[in-house]
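Here is a note for a colleague who is opening this structure for the first time.

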Amino acid sequence: MKITILHGQSHKGSTYQIAHQLAEKLKGDVTEFFLPRDFGEFCLGCTQCFARSETLCPHYEKLQPITQAIDQADVLILASPVYVYHATGAMKALLDHYGYRWMVHRPLAAMFHKQGVCISTAAGAGMKTTNRDMADSLFFWGVPQIYRYGVAVRETSYEGVSDKIKAKIHRKTTKLAQKIKQKYGRVKPGIKTRGFFALVRMLHKIGWNEADIIYWKERGWEDKARPWKQI
């Protein structure tokens with residue numbers, strides 16, 4: 001099992017500890033990136049990725065190590081502490097660069113075979129909206145199985161987190177790891193993913209931008225082929 005962790009911060013706090021705890025229980029090969037240390041560029045809004053090709057993005061080459069790790073992973077873990085009730089700016093900046101991969105544009109068929117996990121922590125609240133920030137991208141990329149885990153650690157450092165909360169985290173990550181391992185290699189898109197794909201397919205039939213039209217036609221998605229039946 002290949003695991004890619006995208007950390008929405010560069011320090012190793014509570015969110016990092018939980019993401020690592022889960023990865024260790026999955027017993028896979030882990031590749032991880034810390035934002036903004038490993039990628040800190042903002043999308044410039046040039047629209048080249050949408051209208052022509054993602055290779056024309058001014059940050060394309062710098063982004064390649066992360067893109068390749070995402071593509072090769074069986075499990076994607078997106079981990080972000082809560083910053084004003086949302087994911088960190090660094091996490092948002094990274095996800096902005098993959099807008100062209102949303103189902104409405106040019107999703108990667110491999111995404112429909114992956115599992116994703118969104119992890120967030122806060123001293124108080126905001127985990128739900130933070131996980132939603134990250135889960136939105138996973139869903140629209142086509143990832144069919146997405147788990148969300150948010151926890152109020154009541155501290156600003158993991159060292160200060162109470163034993164009671166740490167025990168709760170341990171139980172949750174153990175259960176989550178079991179679910180992921182049970183579904184490993186057997187993930188299938190549900191009604192929501194298939195339904196949204198069908199809607200987007202209808203939009204493509206009535207016209208879209210040329211780069212997307214070519215991409216869909218080459219893969220036969222406007223006909224009977226489906227990305228979850230392809231690798």
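This is a predicted model: local features need pLDDT of at least 70, side-chain atom pairs count only at pLDDT 80 or more; totals for chains, interfaces and linings use all residues.

Residues are numbered from 1 along each chain as its sequence is written, and side-chain values use heavy atoms, with hydrogens and water left out.

1. Helix H1 and its surroundings. The buried residues of H1 pack against strands S1 (2-7), S2 (29-34), S3 (75-81), S4 (115-122) and S5 (145-152), and also against H6. Buried here means under 20% relative accessible area, with exposed over 50% and partly exposed in between, for a 1.4 Å probe and protein chains only. Eleven of the 13 residues of H1 are buried, so this helix is largely enclosed by the rest of the structure; among them are Tyr 16, His 20, Gln 21 and Lys 25. From its first C-alpha to its last H1 reaches 19 Å, close to the 18 Å expected at 1.5 Å a residue, where the expected span is 1.5 Å times one less than the number of residues.

2. The pairing of H1 with H6. Helix H1 (residues 14-26) packs on helix H6 (residues 163-183) at an angle of about 45 degrees, and their axes are 9 Å apart. The axes are lines fitted to C-alpha atoms, for helices over the stretch in contact, and the angles run from 0 to 180 degrees between N-to-C directions. H1 and H6 are therefore oblique to each other, given that angles under 35 degrees count as roughly parallel, over 145 as roughly antiparallel, 65 to 115 as roughly perpendicular and the rest as oblique. The contact involves residues including Ile 18, Leu 22 and Leu 26 of H1, and Ile 169, Thr 173, Ala 177 and Ile 180 of H6.

3. Lysine 172. Lys 172 has its place in helix H6, and at 34% relative accessibility Lys 172 counts as partly exposed.

4. Helix H7. The end C-alpha atoms of H7 (residues 191-206) are 23 Å apart, which agrees with the 22 Å that its 16 residues should span at 1.5 Å a residue. Which residues of H7 are buried? They are Thr 193, Phe 197, Val 200, Arg 201 and His 204. These cover an arc of only 110 degrees around the axis, which puts them on the same side of H7, the arc being that of the directions from the helix axis to the C-beta atoms. The buried residues pack against helix H5 (127-141) and helix H8 (210-219), whereas the face turned away from the buried side carries the exposed residues Ile 191, Lys 192, Met 202, Lys 205 and Ile 206.

5. Backbone points to check. Most residues other than glycine have a negative phi, and most peptide bonds are trans. Lys 27, although not a glycine, has a positive phi of about 55 degrees; Lys 27 is found in the loop between H1 and S2, and at 70% relative accessibility it counts as exposed. Thr 47, likewise not a glycine, has a positive phi of about 65 degrees and has its place in the loop between S2 and H2. The peptide bond from Leu 35 to Pro 36 is cis, with omega near 5 degrees.

Note on methods: Helices (H or I, at least four residues) and strands (E, at least two) are DSSP runs, numbered from the N terminus. Contact means heavy atoms within 4.5 Å.
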